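These notebook entries record what I looked up in one structure.

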Amino acid sequence: MQEGVRLRAGERGAGRRAGRSGDVTGGRPLGVREGAGRHGRVPQHELCPSSGASKGDIREKVWDYLEASGLAEFPRPVHHRIPNFKGAPHAATRLLGLEEFKAANTVKINPDAPQKNARFLTLEARKTLLVPTPRLRSGLFNKIVPPPGATKETLRICATSQGIKEYSVPVGLDGKARVDLVVVGSVAVSEKGWRIGKGEGYADMEYAMMVSMGAVTEDTPVITIVHDCQVVDIAEELLGDHDLTIDYILTPTRTIKTNCKRPKPHGILWHKVSYEMLGKIPILKSLRYKEKQAGKDVTLQDEQPDLANASKSAALNGKAMDGNTRPQASMGSAQAGQQYVESDSLSPRLEGSGTVTTVYVGNIPPNLRVSELKCALREFRAAPLRVSWQGAQHRAFLDYKDKATAESAVSSLKGLSLGGNTLRVELAKNQRNKGQVEINSQT
């Protein structure tokens with residue numbers, strides 16, 4: 001097999017063997033199917049980079065060809081996107097022929113344009129539709145909830161990007177979502193089920209997060225919808241252990257069952273996650289904290305060498321907490337309703353006079369202890385100068401040395417979930433001088 005990428009635009013004689021939607025053709029090296037019209041006929045040399053082609057090379061070849069051949073659809077240009085293409089709505093109808101789709105109750109489909117008809121067909125079949133939030137900025141899923149008595153035209157609107165905004169409700173980390181079928185977009189995919197996305201890793205991360213949440217299992221089918229020209233040979237050495245693999249490929253002319261044996265990701269690979277990614281995807285912070293509490297190794301890609309050993313890091317954190325939070329843990333468990341203020345000895349103290357900047361933390365669950373909050377603050381590198389705890393009011397106030405540090409803490413803690421609640425974290429509306437002990441209410 002060539003190591004680069006070779007076009008598999010169709011199967012010779014496919015018209016005689018696969019005349020109806022839902023027929024499944026197996027995977028083997030295929031030539032260009034003559035007479036495929038706009039859906040299939042592509043000169044093979046167009047998508048045939050030299051040996052050793054990278055993922056980036058393959059993406060550029062596919063994007064360039066879709067644009068140059070007139071197969072690309074809005075939004076244009078298709079570069080750096082999951083590309084929309086002529087025939088995408090028809091390719092999506094092949095879902096209706098899959099037993100896995102018929103049996104599914106809950107379907108997760110990405111929000112890109114080529115999957116719009118797949119989203120509509122899912123809603124029309126009265127299945128639960130989950131759509132990932134854009135770039136995972138505000139959570140993992142949105143559940144699309146059409147209005148009562150929605151017509152077919154209304155369902156089509158619900159399937160659009162605007163409809164997703166207007167007719168969706170968020171599904172939180174603790175929403176206990178169960179996904180029966182996953183539909184993702186691709187830039188390129190091989191008949192063996194090896195997939196290349198647009199290069200940002202969101203589909204792979206979405207799947208890994210679903211594994212972490214218990215929303216999918218290794219048996220959950222994964223489907224992609226692409227143009228025939230996006231089905232190419234991909235060298236196995238290009239794949240990493242984080243790459244999502246595909247079980248079914250739907251094109252305008254074929255349904256391909258890949259019989260892929262390569263394992264899907266078993267969860268989040270924390271050693272490949274950076275602090276920058278944690279900042280961009282807030283829900284990752286909550287998942288990381290949850291997995292750390294369960295005893296898993298959550299060492300990040302760019303953590304310092306002395307923290308690379310997870311057990312050593314845990315031991316150091318434990319010692320620090322022993323000396324710093326034992327009085328609070330006792331008070332937090334026995335007198336959770338009382339207000340008290342305690343300085344954090346792990347953070348530098350303010351010198352001289354001036355003002356601190358206070359961060360409000362709300363929606364604290366009633367059974368949470370202050371020691372658990374402080375442990376999370378250290379985990380997310382947001383340890384304050386002082387914690388002012390108001391357990392009975394389900395809130396706390398954190399003092400930082402200046403506004404920049406406080407804003408950084410808010411960013412780090414955004415989306416954090418403790419004890420089943422997603423915390424509300426923001427700058428306090430009423431700031432106070434560092435010498436004051438009275439805590440202003442957050443309205």
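**Entry 1**

I apply the cut-offs for relative accessible area as follows: buried is under 20%, exposed is over 50%, and partly exposed is in between, with a 1.4 Å probe and protein chains only. I note that the model is predicted, that local features need pLDDT of at least 70, that side-chain atom pairs count only at pLDDT 80 or more, and that totals for chains, interfaces and linings use all residues. I number residues from 1 along each chain as its sequence is written, and side-chain values use heavy atoms, with hydrogens and water left out.

His80 is not a glycine, yet its phi is positive, near 65°. I place His80 in the loop between α2 and α3. Here helices (H or I, at least four residues) and strands (E, at least two) are DSSP runs, numbered from the N terminus.

I then checked peptide bonds in this loop. The bond from Phe74 to Pro75 is cis, with omega near 0°, and Pro75 lies between α2 and α3 (88-93). The bond from Arg76 to Pro77 is also cis, with omega near -15°, and Pro77 belongs to the loop between α2 and α3 as well.

I looked up Asn363, another residue other than glycine with a positive phi, about 60°. Asn363 sits in the loop between β13 (357-362) and α12 (370-379). At 40% relative accessibility, Asn363 counts as partly exposed.

**Entry 2: the chain as a whole**

I recorded 13 helices and 18 strands in the protein chain. Of its 443 residues, 51% are buried. Contact means heavy atoms within 4.5 Å. Among contacts with a separation of 6 or more, 68% join residues 24 or more positions apart.

Ser274 lies in the loop between β11 (255-257) and α9 (275-280). At 13% relative accessibility, Ser274 counts as buried. Ser274 and Gln301 are 27 residues apart in sequence, and their C-alpha atoms are 5.2 Å apart in space. Not counting residues up to four places away in sequence, Ser274 touches Gln301 and Asp302.

**Entry 3: nonpolar cores**

Which residues have the most contacts inside the largest nonpolar core? I found Leu66, Leu95, Ile223 and Ile225, in a core of 44 residues. Helix α2 (residues 55-68) gives the most to this core, with five residues. A nonpolar core is a set of buried Ala, Val, Leu, Ile, Met, Phe, Trp, Tyr and Cys residues joined through side-chain atoms within 4.5 Å. In soluble globular proteins, nonpolar side chains tend to be buried together.

I followed Leu95 further. Leaving aside neighbours within four places in sequence, Leu95 is in contact with Phe101, Ala118, Leu181, Val183, Ile223 and Leu250. Apart from this core lies another, of 35 residues, including Leu140, Ala177, Tyr202 and Met213.

I also checked helix α5 (residues 116-124), which is mostly covered, with seven of its nine residues buried. The buried residues of α5 are Asn117, Ala118, Arg119, Phe120, Leu121, Thr122 and Leu123. Arg126 follows α5 and has a positive phi, near 60°.

**Entry 4: helix against helix**

I looked up helix α8 (residues 202-213) against helix α10 (residues 282-293): they pack at an angle of about 40°, with their axes 11 Å apart. That makes α8 oblique to α10. Axes are lines fitted to C-alpha atoms, for helices over the stretch in contact, and angles run from 0 to 180 degrees between N-to-C directions. Angles under 35 degrees count as roughly parallel, over 145 as roughly antiparallel, 65 to 115 as roughly perpendicular, and the rest as oblique.

From α8, Met205, Met209, Ser212 and Met213 make the contact, and from α10, Ile283, Leu284, Leu287 and Glu291. I sorted the residues of this contact into six nonpolar, one polar and one charged. Ala, Val, Leu, Ile, Met, Phe, Trp, Tyr, Cys and Pro count as nonpolar, Asp, Glu, Lys and Arg as charged, and the others, Gly among them, as polar.

Finally, I found that α10 and α12 pack at an angle of about 115°, with their axes 11 Å apart. The residues in contact are Arg288, Tyr289 and Lys292 of α10 and Glu372, Cys375, Ala376 and Glu379 of α12. This contact divides into three nonpolar, no polar and four charged residues.
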